[in-house]
Amino acid sequence: MTRSDLVEELAARFAQLTHRDAEYAVKTILDAMSDALVNGHRIEIRGFGSFSVNRRPPRIGRNPRSGESVQIPEKRVPHFKPGKALREAVDARTAELDSQERKA
């Protein structure tokens with residue numbers, strides 16, 4: 001699902017929202033989430049999952065062309081951990097789809 005798909009779904013579900021309002025709502029939520037992660041905060045959405053920032057320590061890598069060692073600096077990267085309800089829903093749905101494929 002893309003951002004525009006999310007806007008379309010929101011506008012379709014809530015008739016009182018115009019397409020522009022739905023787009024603004026999605027942009028506002030995603031901007032707020034981005035700002036929170038940039039500031040080092042953790043985001044938790046019950047039943048869905050949590051977003052946090054993980055630290056990747058510095059390491060030594062290799063240039064695949066030359067084989068030369070390259071120092072890779074420390075990074076901070078966003079991380080998503082799905083909640084229990086989301087994990088169970090995805091697992092149930094994929095199991096259902098797998099059983100349908102076996103029957104076909």
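Reply:

**The helix crossing and its surroundings**

The crossing of α1 and α2 is right-handed. (A crossing is right-handed if the near helix is turned clockwise from the far one by less than a right angle, and left-handed if anticlockwise.) Keep in mind that this is a predicted model, where local features need pLDDT of at least 70, side-chain atom pairs count only at pLDDT 80 or more, and totals for chains, interfaces and linings use all residues. Residues are numbered from 1 along each chain as its sequence is written, and side-chain values use heavy atoms, with hydrogens and water left out.

Helix α1 covers residues 3-13 and helix α2 covers residues 19-38. Both are DSSP runs, numbered from the N terminus (helices are H or I, at least four residues; strands are E, at least two). Their axes come within 9 Å and cross at roughly 125 degrees. Axes are lines fitted to C-alpha atoms, for helices over the stretch in contact, and angles run from 0 to 180 degrees between N-to-C directions. The two helices are therefore oblique to each other. (Under 35 degrees counts as roughly parallel, over 145 as roughly antiparallel, 65 to 115 as roughly perpendicular, and the rest as oblique.)

Which residues in α1 meet α2? They are R3, L6, V7, E8, L10 and A11. On the α2 side, H19, A22, E23, A25, V26, K27 and L30 take part. Contact means heavy atoms within 4.5 Å. By class, this contact has eight nonpolar, one polar and four charged residues. (Ala, Val, Leu, Ile, Met, Phe, Trp, Tyr, Cys and Pro count as nonpolar; Asp, Glu, Lys and Arg as charged; the others, Gly among them, as polar.)

Now the strands. An open sheet of three strands has the order β1-β2-β5, with antiparallel pairing. (Two strands pair if DSSP finds at least two bridges between them.) β1 (43-45) and β5 (75-82) stand at the edges with a single partner strand each, so one side of each lacks a neighbour in the sheet. Eight bridges join β2 (residues 49-56) to β5. Within β5, K81 stands opposite S50.

β3 (residues 59-62) and β4 (residues 69-72) also pair antiparallel, over four bridges. R62 has S69 in β4 as its bridge partner. These two strands form a hairpin with six residues between them. In the turn, G67 has a positive phi of about 80 degrees.

Last, the whole chain. The protein has three helices and five strands. Along the sequence, the pattern is α-α-β-β-β-β-β-α.
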